[in-house]
Amino acid sequence: MAFSQIEQENSELVDALIDGVRQYNIDKLGKETSQPLTIVAHDQAGKLIGGVHGRTIYKNFLIHVLWVDDNRRGAGLGRQLMIQAEQLAKARGCLQAQVDTLDIQAPDFYRKLGFNLAGQVPAFEGSPARYFMVKRYDTSTFKGDDT
């Protein structure tokens with residue numbers, strides 16, 4: 001066995017690792033279609049002013065990134081992007097959405113959209129707190145009192 005340290009981007013290697021995890025998941029959970037989900041907004045000049053990107057898999061909408069241009073923040077664009085993305089996720093059969101965000105980013109924004117804290121990593125010197133949040137779309141499909 002040999003170990004290697006790689007300090008540059010290597011998308012082929014990362015894809016191979018992801019393929020390994022996907023195969024493991026298929027072996028344990030069965031085949032599932034993982035689809036990208038992206039909603040973007042452009043201004044009248046065609047400039048990108050915001051977007052949300054994630055993936056739907058195993059009835060989950062996994063949100064990877066939500067960004068809104070500084071000049072457009074506070075005007076409801078982020079909310080509009082999330083509403084459209086969540087509508088599409090629900091149409092694909094998703095029962096919940098998941099996101100992680102830093103305390104300097106948008107935990108309050110997600111709370112206003114109905115996300116609840118599922119876990120957190122506390123801040124420490126040089127690193128902000130990180131929040132893992134979830135929003136369940138149809139709580140009747142979940143057992144227990146975890147809405």
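Here is a short chat about a predicted model of a protein chain.

Colleague: Which element gives the most to the largest nonpolar core?

Modeller: That core has 23 residues, and Phe 61, Ile 63 and Met 82 are among those with the most contacts inside it. Two or more residues each come from β1 (35-42), β2 (48-57), β3, α2 (77-91), β4 (96-102) and β6 (130-136). With five residues, the top giver is α2.

Colleague: Which residues is Tyr 110 in contact with, leaving aside its neighbours within four places in sequence?

Modeller: Tyr 110 is one of the residues with the most contacts inside the largest nonpolar core. Leaving aside those close sequence neighbours, its partners are Ile 63, Leu 66, Met 82, Val 99, Thr 101, Phe 115 and Met 133.

Colleague: Is Thr 56 buried or exposed?

Modeller: Thr 56 sits in strand β2. Beyond its neighbours within four places in sequence, Thr 56 touches Thr 33, Ser 34, Gln 35, Leu 37, Phe 61, Ala 89, Arg 92 and Cys 94. The cut-off for buried is under 20% relative accessible area. Thr 56 has 4%, so it counts as buried.

Colleague: And which side chain does the side chain of Thr 56 make a polar contact with?

Modeller: Arg 92 and Cys 94 are both among the contacts of Thr 56. The polar contact, at 3.0 Å, is with the side chain of Arg 92.

Colleague: What about Val 65: how does its accessibility class come out?

Modeller: Val 65 lies in strand β3 (residues 60-68). Together with Val 40, Leu 48 and Trp 67, Val 65 makes a nonpolar surface patch of about 330 Å². Its relative accessibility is 43%, so Val 65 counts as partly exposed.

Colleague: How far apart are the C-alpha atoms of Val 14 and Tyr 137?

Modeller: Val 14 belongs to helix α1 (residues 11-29), and at a relative accessible area of 38% Val 14 is partly exposed. Along the chain, Val 14 and Tyr 137 are 123 residues apart. Their C-alpha atoms are separated by 32 Å.

Colleague: Last one: what share of the residues of the chain counts as buried?

Modeller: The accessible surface of the chain comes to about 10400 Å², and carbon and sulfur atoms hold 50% of that. Of the 147 residues, the buried share is 25%.

Technical notes:
Residues are numbered from 1 along each chain as its sequence is written. This is a predicted model: local features need pLDDT of at least 70, side-chain atom pairs count only at pLDDT 80 or more; totals for chains, interfaces and linings use all residues. Side-chain values use heavy atoms; hydrogens and water are left out. Helices (H or I, at least four residues) and strands (E, at least two) are DSSP runs, numbered from the N terminus. Buried means under 20% relative accessible area, exposed over 50%, partly exposed in between (1.4 Å probe, protein chains only). Patches are made of residues with over 30% relative accessible area and no salt bridge: like charges are joined within 9 Å, nonpolar side chains (Val, Leu, Ile, Met, Phe, Trp, Tyr) within 5 Å. Accessible areas come from the Shrake-Rupley method with a 1.4 Å probe; for residues, only the protein chains shown count as cover. A salt bridge is a side-chain nitrogen of Lys or Arg within 4 Å of a carboxyl oxygen of Asp or Glu. A nonpolar core is a set of buried Ala, Val, Leu, Ile, Met, Phe, Trp, Tyr and Cys residues joined through side-chain atoms within 4.5 Å. Contact means heavy atoms within 4.5 Å. A polar contact is a pair of N or O atoms within 3.5 Å; within protein, one must be able to donate a hydrogen and the other to accept it, and residues adjacent in sequence count only if both atoms are side-chain atoms.
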